[in-house]
Amino acid sequence: MASITLEGLRKTYAGNVQAVKGVDLAVEDGEFVVLVGPSGCGKSTLLRMVAGLETISEGTLKIGDRVVNTLEPAERDIAMVFQNYALYPHMTVYQNLAYGLKNRGFKKPVIEERVQKAAKMLEIEDFLSRKPRNLSGGQRQRVAMGRALVREPAAFLFDEPLSNLDAKLRVQMRVEIRKLQRRLKTTSLYVTHDQLEAMTLGDRLVVLNGGLIEQVGTPMEIYARPASMFVAGFIGSPAMNMVPIEYLSSRGARELLVDLPPETDIVGIRPDDMRLSPPETPHLVVESTLELFEAAGAESHLYVRLAESEQPTVIRVSGQPPVNEGETLRFYVTREALHPFNSDTGQRTG
Amino acid sequence: MVERRPFLNILTHLVLIAGVLIVAFPVYVAFIASTHEPSAFVRGVLPLTPGDNLLESYGQMLNAGWQVGGTPPVWLMLGNSLIMALTIAIGKISISILSAFAIVYFRFPFRMLAFWIIFITLMLPVEVRIIPTYAVVANLGMLNSYAGLTLPLIASATATFLFRQFFMTVPEELMEASRVDGAGPMKFFKDILLPVSITNIAALFVIMFIYGWVQYLWPLLVTTDEDFYTIVLGIKRLMASSDRVPAWNLIMATVTLAMLPPVLVVLFMQKLFVKGLTETEK
């Protein structure tokens with residue numbers, strides 16, 4: 001087990017394309033850190049640099065106290081789970097698990113013991129003699145995990161390991177990965193583009209955008225106080241609504257908005273912070289026509305349009321309120337629910 | 001799928017039977033001819049039932065050859081052909097799979113140049129470069145040797161190209177996973193890439209074995225010693241005996257024997273061969 005330290009990591013491809021533009025990050029021993037961001041944000045490149053599958057253009061990478069910049073992946077004492085599992089198709093499950101140990105010169109009884117242990121933990125004992133093509137997607141996923149597990153490495157690296165599974169299996173495997181990591185306490189870096197996966201799995205999240213870190217923090221910290229408009233829009237579903245401040249102040253709620261930092265020109269409001277009934281505390285009142293009503297079972301999404309904006313504003317309410325499309329609705333927003341941003345810098349202002 | 005109708009069934013069977021007859025009839029005639037007297041074939045009416053000369057024809061060709069036509073025993077020529085075809089097939093596959101491995105999995109200067117040079121030689125079959133190749137082989141003193149028979153035919157752009165195309169379809173993660181698992185390049189090649197390519201290797205082996213087996217022009221040039229005659233060359237020499245009635249029974253016996261090894265190779269490797277040509281799922 002070990003910490004992973006990234007200092008000013010950069011990746012520049014031929015043609016001066018920068019995929020990672022200087023990332024500093026310290027993953028503590030035993031911590032589960034999730035790298036999350038949209039496609040092309042450099043998260044996979046970053047993970048592959050840690051794994052040693054991509055060279056590091058600039059910066060220092062340490063696993064434990066060792067600088068591993070130029071070491072081969074096998075010498076870094078890490079194990080990786082790939083998105084398409086990358087199981088060796090001609091080997092049985094047992095051989096797949098044993099291959100890495102065999103290459104490292106472990107004795108047969110040790111290999112046997114470790115494979116059995118990992119197989120038991122992942123409940124794949126019954127398939128040990130099968131070939132990967134005779135397994136279902138979920139089983140392959142377990143085997144891929146098993147291949148990482150048997151090595152008992154200093155760190156696990158996961159590269160979108162759940163994105164090839166169907167929705168139900170994905171939730172199930174997510175829970176299992178979390179439980180497994182808690183039990184083994186192995187430092188883990190996990191890459192995903194799914195913000196829900198990121199929120200539920202990570203001890204800490206690293207939100208990446210355009211090769212740079214936007215924000216680092218626990219899932220709840222990031223959800224409660226997004227540091228930029230990008231993070232605000234990326235974490236949480238449906239995404240946070242952005243409302244220009246002129247629109248709100250023209251609605252006669254100036255006294256609530258005066259204490260916002262002066263550079264604020266746009267505020268973010270979470271869909272569930274717009275209520276249909278007036279709260280006790282001071283609040284804003286917004287009126288708009290209901291464009292679309294979406295019932296999603298336990299909750300409903302109401303789509304309205306504020307301030308002639310292109311993006312509809314989404315409101316999430318629990319249950320199914322008695323509203324009709326085309327009807328004018330009133331929403332109530334408290335001061336605490338406002339996330340102030342500056343739209344030029346994209347940063348949070350207070 | 002085409003609908004199942006009795007009429008269509010009959011039609012498809014007729015077409016198939018016609019096709020089989022066209023391919024198989026000459027082979028049958030060759031075999032029948034080998035079982036008759038030498039004169040039976042040139043009498044004008046082809047016999048269609050086996051004669052009684054089978055053991056004699058085959059016995060003579062296998063054991064003694066035909067001294068009048070200057071042909072060594074068939075055993076010797078079959079052996080030579082087998083050595084030649086096997087060396088060419090195995091040599092071609094080994095060299096081309098390694099060069100494809102280098103081109104696909106390694107980044108080195110002039111990699112694409114190397115690939116294009118190999119690729120361009122696709123346009124140069126043996127016949128085009130036969131004179132310079134002969135000169136090289138002769139100067140190296142490789143005339144009348146197995147090395148001379150096989151080496152110049154081993155380099156293969158086709159096989160290199162096919163392996164390259166196949167390797168590019170092998171997911172890159174497989175290589176990355178084996179790197180993480182502590183396998184160096186050659187270990188990855190041996191443990192992962194070779195087993196994954198086995199059906200392609202089998203398909204190429206069949207094709208290359210037959211290519212080596214039917215070589216005529218090259219053995220004709222580099223062998224003058226009877227000990228190195230290949231079977232195809234032997235058949236030609238049997239037929240070329242001028243101012244004499246060709247011994248059709250002996251020729252056809254040799255032809256029949258010459259057909260056996262390729263047929264056996266195809267039969268034994270049929271399953272892998274078909275898989276290699278059709279399988280896409282990896």
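Predicted model: local features only at pLDDT ≥ 70, side-chain atom pairs only at ≥ 80, totals over all residues.
Next I looked up the overall figures for chain A. It has 10 helices and 17 strands, and its C-alpha trace spans about 75 × 45 × 35 Å along the principal axes. Of its 350 residues, 51% come out as buried.

Then I picked out a sheet in chain A. Three strands make up an open, antiparallel sheet, ordered β11-β12-β17. I note β11 (241-244) and β17 (339-341) as the edge strands, since each pairs on one side only. On average, neighbouring strands here are turned by 30 degrees against each other, direction ignored. I followed β11(A) along β12 (residues 266-269) of chain A and found 4 bridges in the antiparallel sense. In that pair, Asn241(A) sits opposite Ile269(A) of β12(A).

Over to chain B for a helix pair. I looked at α4 (residues 111-120) and α7 (residues 157-169) of chain B, which pack at about 130 degrees with axes 9 Å apart. From α4(B), the contact uses Met112(B), Phe115(B), Ile118(B) and Phe119(B). α7(B) brings Ala157(B), Thr160(B), Phe161(B) and Arg164(B). I sorted the contact residues of α4(B) and α7(B) by class and noted 6 nonpolar, 1 polar and 1 charged.

Terms used: Residues numbered from 1 in each chain as written. Chains lettered and ligands numbered in written order. Heavy atoms only, no water. Pairing = 2+ DSSP bridges. Helix = DSSP H or I, 4+ residues; strand = E, 2+ residues; numbered from the N terminus. Axes fitted to C-alpha atoms, helices over the stretch in contact; angles between N-to-C directions. Contact = heavy atoms within 4.5 Å. Nonpolar A, V, L, I, M, F, W, Y, C, P; charged D, E, K, R; others polar. Buried < 20%, exposed > 50% of the residue type's maximum accessible area, 1.4 Å probe, protein only.
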